[in-house]
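Subject: Handing over the structure

Dear colleague,

Here is the structure that I promised to pass on to you. Please look through it first, and then read my notes below.

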Amino acid sequence: MNVQELSLKEVVENAVKANAKSLIGNKIKIKIENLDQKIFSDEKWVLFILNQVISNAIKYKKEEAEISFCARCEKNEILLEIRDNGIGISPKDLPRITDKGYTGTTGRNYQKSTGMGLYLCKKLCSKLQLSFYIESKEEEYTKVTIGFPRNSMIFLNEE
């Protein structure tokens, strides 16, 4: 892994650009606010995580779809919140959505669901020492929060 100082705004903009065709094709509005933060992480893997979250937001969208990216500073970390106004996740599926191979009720209704995307995101966040939380309300929204340590002294977990 190659941990370095990155511009959160640039990383998010690169992920949005990488998904531009799909976002435009699905008429999804993007809102970016308060991302002028420096983070310490591995750009390639952070992009992988963001691509997965964006891809899920596209896959489970509703009419008038929107994805917003917003950062806020906590004492020990910078939190990136990625929120969509899609179909959400049922309360009974929510605790298991990062389990390997778990697709849940919604996932089974969408042929492209493998149950691997959020599992890999969670694993990578753990390896990069980032926090990873998902909050959702069915038929309203899903919010993914990724926490980046404010300190550059990151020691990667060896597995």
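By class, how many nonpolar, polar and charged residues does the lining of the largest pocket have? The lining has twelve nonpolar, 14 polar and five charged residues, where Ala, Val, Leu, Ile, Met, Phe, Trp, Tyr, Cys and Pro count as nonpolar, Asp, Glu, Lys and Arg as charged, and the others, Gly among them, as polar.

Before going on, please note that this is a predicted model, in which local features need pLDDT of at least 70 and side-chain atom pairs count only at pLDDT 80 or more, while totals for chains, interfaces and linings use all residues. Residues are numbered from 1 along each chain as its sequence is written, and side-chain values use heavy atoms, with hydrogens and water left out.

The protein has five helices and seven strands, which are DSSP runs numbered from the N terminus (helices are H or I, at least four residues; strands are E, at least two). From the N terminus on, the order is β-α-α-β-β-α-β-β-α-α-β-β. With 159 residues, a compact globule would have a radius of gyration near 15 Å, and the protein agrees with this at 15 Å; that radius is taken over C-alpha atoms, and the globule rule is 2.2 Å times the number of residues to the power 0.38.

The largest pocket has a volume of about 470 Å³, that is, the space filled by probe spheres set on grid points joined across faces, edges and corners. A pocket is an open set of points on a 1 Å grid over the protein atoms alone, where a 1.4 Å probe fits, with protein on both sides within 12 Å along at least five of seven lines; lining residues have an atom within 4 Å of a point. Of its 31 lining residues, Asn56, Tyr60, Ile89, Ile97 and Leu118 lie nearest the centre.

Helix H3 gives the most to this lining, with five residues. H3 (43-59) has 17 residues and reaches 24 Å from its first C-alpha to its last, close to the 24 Å expected at 1.5 Å a residue (1.5 Å times one less than its number of residues). Its buried residues include Val46, Leu47 and Asn56, buried being under 20% relative accessible area, exposed over 50% and partly exposed in between (1.4 Å probe, protein chains only).

Lastly, asparagine 34, in the loop between strand S2 (29-33) and strand S3 (38-41), has a positive phi near 55 degrees and is partly exposed, at 47% relative accessible area.

With best wishes
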